[in-house]
Amino acid sequence: MADTDIKKGLAGVVADETAISKVNPETNSLLYRGYPVQELAATQPFEAVAYLLWHGELPTEEQLAGFRAEERKHRALSPVVKDAIDRLPLDTHPMDEVRTAVSVIGAIETAGTGNVLDAVGTPEENLQRSLQLFAVLPAIVSYGQRRRRGEALVESRDDLDYAANFLWLTFGEEADPVVVDAFNRSMILYAEHSFNASTFTARVITSTLSDLYSAVVGAIGALKGPLHGGANEAVMHIFDEIGSADNVVEWLDAALAEKRKIMGFGHRVYKRGDSRVPTMKAALDTLVAHYDRPEVAELYTKLEDEFVSRKGIYPNLDYPSGPAYNLIGYDTLTFTPLFIAARITGWTAHILEQQASNALIRPLSAYNGADERHIEGYVPDT
Ligand code: ACO
């Protein structure tokens with residue numbers, strides 16, 4: 001197979017068409033259903049972007065009100081799911097906790113489906129399942145953090161929109177509008193990014209005609225890795241290791257000498273900077289000012305300047321979002337679950353799209369193992 005053109009990591013491979021988002025690394029732009037993500041982040045509540053990703057258009061005021069009313073109906077953690085979470089050891093990684101909770105929800109919601117031939121469900125059922133996961137994930141993620149801190153579950157507030165309610169569920173107090181706005185922007189920026197590893201995983205699982213929950217559980221597994229979503233957690237570990245801007249040069253010298261990857265930098269598609277970073281960096285700056293924590297911005301800028309000047313590799317979205325979530329008060333281990341709560345919209349939009357125009361995803365491989373050989377003494381059946 002020496003002359004086979006192998007695309008390791010599927011780099012550069014166009015696997016299918018999608019109408020959900022467009023990434024253009026040449027112009028450094030990211031469009032959701034045609035809208036630049038920066039414009040959506042600056043003007044829309046996350047619920048409207050979820051609606052856009054699923055339906056292809058931004059909602060009218062009336063549609064948004066109806067969508068929000070439906071979302072509010074499904075925010076509560078059911079006793080079964082809460083019990084399943086409570087049975088996990090307290091040092092379970094939160095990504096595993098959320099993955100398990102989604103799996104439990106899926107088992108309950110698809111119970112009685114009959115047989116695997118019916119597993120996939122109708123488009124209407126899957127849209128409703130998508131909305132229900134979107135609505136309940138803030139409670140799952142928030143309760144996880146609270147339980148690790150020895151705090152009790154907080155119930156949702158029907159008078160609060162998605163982002164404000166999410167922060168309420170986590171911290172049990174109403175967040176400042178500046179914080180709600182920064183958090184809402186982060187959710188929108190994390191919502192969708194074409195055929196990234198976790199979304200592609202969801203599409204692969206969907207392509208076998210498996211169910212939506214199985215696809216989401218698989219996507220969560222893919223997102224956990226530090227080369228993908230886990231990087232926002234990993235960025236914060238690095239910030240903690242470095243401590244302050246004064247230590248950046250010495251730390252980076254040692255890290256590069258050890259050939260360590262610097263988390264939060266680099267991207268498979270963007271080579272000259274991630275289109276989402278300026279918007280998230282602006283949100284981080286507002287949080288730095290709000291919490292009066294200039295040293296966070298100093299460390300951020302110093303590490304970015306040093307690393308970019310030495311390696312020419314630019315920050316990705318996880319770089320500003322890690323410290324932003326830290327300032328808001330999230331535990332480092334909760335950062336990637338926040339990414340799940342946002343990306344559930346993109347994943348499920350892709351699951352619906354894959355279901356609407358399905359082809360089993362099954363690439364080829366180039367065999368490079370032992371030449372054909374035989375078991376001594378084996379006599380073939382005649
Ligand atoms: N730190 C140090 N070196 C890096 C980094 C980094 N963050 N990123 C890339 N490089 C180097 C590699 O070591 C490699 O060098 P070499 O050619 O001398 O071996 C070269 O740049 C190419 O890197 P690859 O990893 O082969 O490129 P790829 O396109 O596969 O990588 C990836 C993309 C995986 C994101 C990579 O940049 C990385 O590991 N970054 C750190 C993890 C991270 O931040 N992930 C988040 C992705 S964005 C998101 O999920 C929101």
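Tutor: Ala, Val, Leu, Ile, Met, Phe, Trp, Tyr, Cys and Pro count as nonpolar, Asp, Glu, Lys and Arg as charged, and the others, Gly among them, as polar. This is a predicted model: local features need pLDDT of at least 70, side-chain atom pairs count only at pLDDT 80 or more, and totals for chains, interfaces and linings use all residues. Residues are numbered from 1 along each chain as its sequence is written.

Student: How does the shell around the ligand divide into nonpolar, polar and charged residues?

Tutor: Eight are nonpolar, seven polar and three charged.

Student: Why is His267 called buried?

Tutor: A residue is buried if 20 or more other C-beta atoms lie within 10 Å of its own, exposed if 12 or fewer, and partly exposed in between; C-beta atoms are placed from the backbone. His267 has 21 C-beta neighbours inside 10 Å, so it counts as buried.

Student: What makes Asp318 buried?

Tutor: The same definition applies. Asp318 has 29 other C-beta atoms within 10 Å, so it is buried.

Student: Which feature does UniProt place at His267 and Asp318?

Tutor: The unreviewed UniProt entry gives "active site" for them; such annotations may be inferred rather than shown by experiment. They are spread over 52 residues of sequence, yet cluster in space, with a largest C-alpha distance of 10.7 Å.

Student: Why is helix 8 called largely enclosed?

Tutor: Helices are DSSP runs (H or I, at least four residues), numbered from the N terminus. Eleven of the 14 residues of helix 8 are buried, so the rest of the structure largely encloses it. Among them are Phe183, Arg185 and Tyr190.

How values were computed:
Helices (H or I, at least four residues) and strands (E, at least two) are DSSP runs, numbered from the N terminus.
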